[in-house]
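Here are my notes on the model, as numbered points.

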Amino acid sequence: MILINLLPHREVARKRRREAFQATMFASFLVGLLIAGLIYWWFQTMIEQQQARNAFLQSEIAVLEEQIKEIAGIEQEIAALRARQKAVEDLQADRNLPVHLLSELVQQLPDGVYVTNLKQTNQQIAIQGMAQSNERVSELLRNLSDNTPWLSKPQLVEIVASKVALTPRDERRVFAFNLSFTLKRSSDAAKPAEGGETPPAGN
C-alpha cells in the first residue's frame, strides 16, 4: 500500500527551522545578557574594591599628614629649646668677660701707657688714655691685635700730642689717644686655640 503525504511538509519544516532559529537566537541573547551582566558585576566589584583601597589610602594619608604636622611642631619646639639652651650657655660662658677684659688690658698695656676711660657697648670696647710716645700706642695696637685671644680688631680713632705738668717746673710731653677694639665671646675666643694653646675659660 502506498502512503501519500498530502500535508504541506515543506512549510512545516521551514516553520520548525524558524522556531529553532528563534529559540537559538533567544538563548544566545540570554547567554549574551548573562555574560554582559557578569562582566558588569565584575567591573563594579573591581571599582568598589579600588574605591575602598583609595578610601583606605586617603585615611592613612590624612593620619600621616597629622603625624607630620605633630613632628614639625616637635621639631620647632626642639629648635626653640636648643636656642634657649644656647642663650643660657652663652650667658653662662660670658659672665666672666669683664674679668677677661680687665686681665687682658693689664697684660697688653705697654710700660708708659695708662688708661683714663673705658666704655663697653655690647662687644665693642672704647678706651681713652695717655702714652709717653707714639711708639707706645703702636705697641699697644700690636698687642691687642696679635697677643690675645680675647681682644681683636683694634682701631686707633685719635691721637693728640699734649703736655702734662708734673710740677710747676717739670712738664712732660704725652700723647692722648682714643682707640676701640672688639671683645670676643667665650665661644669665639676658643676657636683659634684649637691647634694651639687653649685660652683660660670662665668658670
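**Notes on the predicted model**

1. Helix H2 covers residues 97-108 in this predicted model. Its 12 residues, at 1.5 Å each, should span 16 Å, and because the end C-alpha atoms are 16 Å apart, the geometry agrees with that expectation.

2. Leu 97, His 100, Leu 101, Glu 104, Leu 105 and Gln 108 are the buried residues of H2. Viewed down the helix axis, they lie within an arc of 130°, so they line one face of H2. On the face turned away from that buried side, the exposed residues are Val 99, Leu 102, Val 106 and Gln 107.

3. The largest nonpolar core contains 17 residues. Leu 101, Leu 151, Phe 177, Leu 179, Phe 181 and Leu 183 have the most contacts inside this core. Two or more core residues come from each of H2, strand E2 (124-131), helix H3 (134-146) and strand E4 (170-183). In soluble globular proteins, nonpolar side chains tend to be buried together.

4. What does Leu 183 touch, leaving aside residues up to four places away in sequence? Its partners are Leu 97, Leu 101, Gln 120, Gln 123, Ile 125, Trp 150 and Leu 151. Of these, Leu 97 and Leu 101 are also among the buried residues of H2.

5. The protein chain has 4 helices and 4 strands, arranged along the sequence as α-α-β-β-α-β-β-α. Of contacts between residues at least 6 apart in sequence, 60% join residues at least 24 apart.

6. Buried residues make up 19% of the 203 in the protein chain. The chain exposes about 15800 Å², with carbon and sulfur atoms supplying 59% of that area.

How values were computed. Residues numbered from 1 in each chain as written. Predicted model: local features only at pLDDT ≥ 70, side-chain atom pairs only at ≥ 80, totals over all residues. Heavy atoms only, no water. Expected span 1.5 Å × (residues − 1). Buried < 20%, exposed > 50% of the residue type's maximum accessible area, 1.4 Å probe, protein only. Arc of directions from axis to C-beta. Core = buried A, V, L, I, M, F, W, Y, C linked by side-chain atoms within 4.5 Å. Contact = heavy atoms within 4.5 Å. Areas by Shrake-Rupley, 256 points an atom, 1.4 Å probe, with all protein chains shown as cover.
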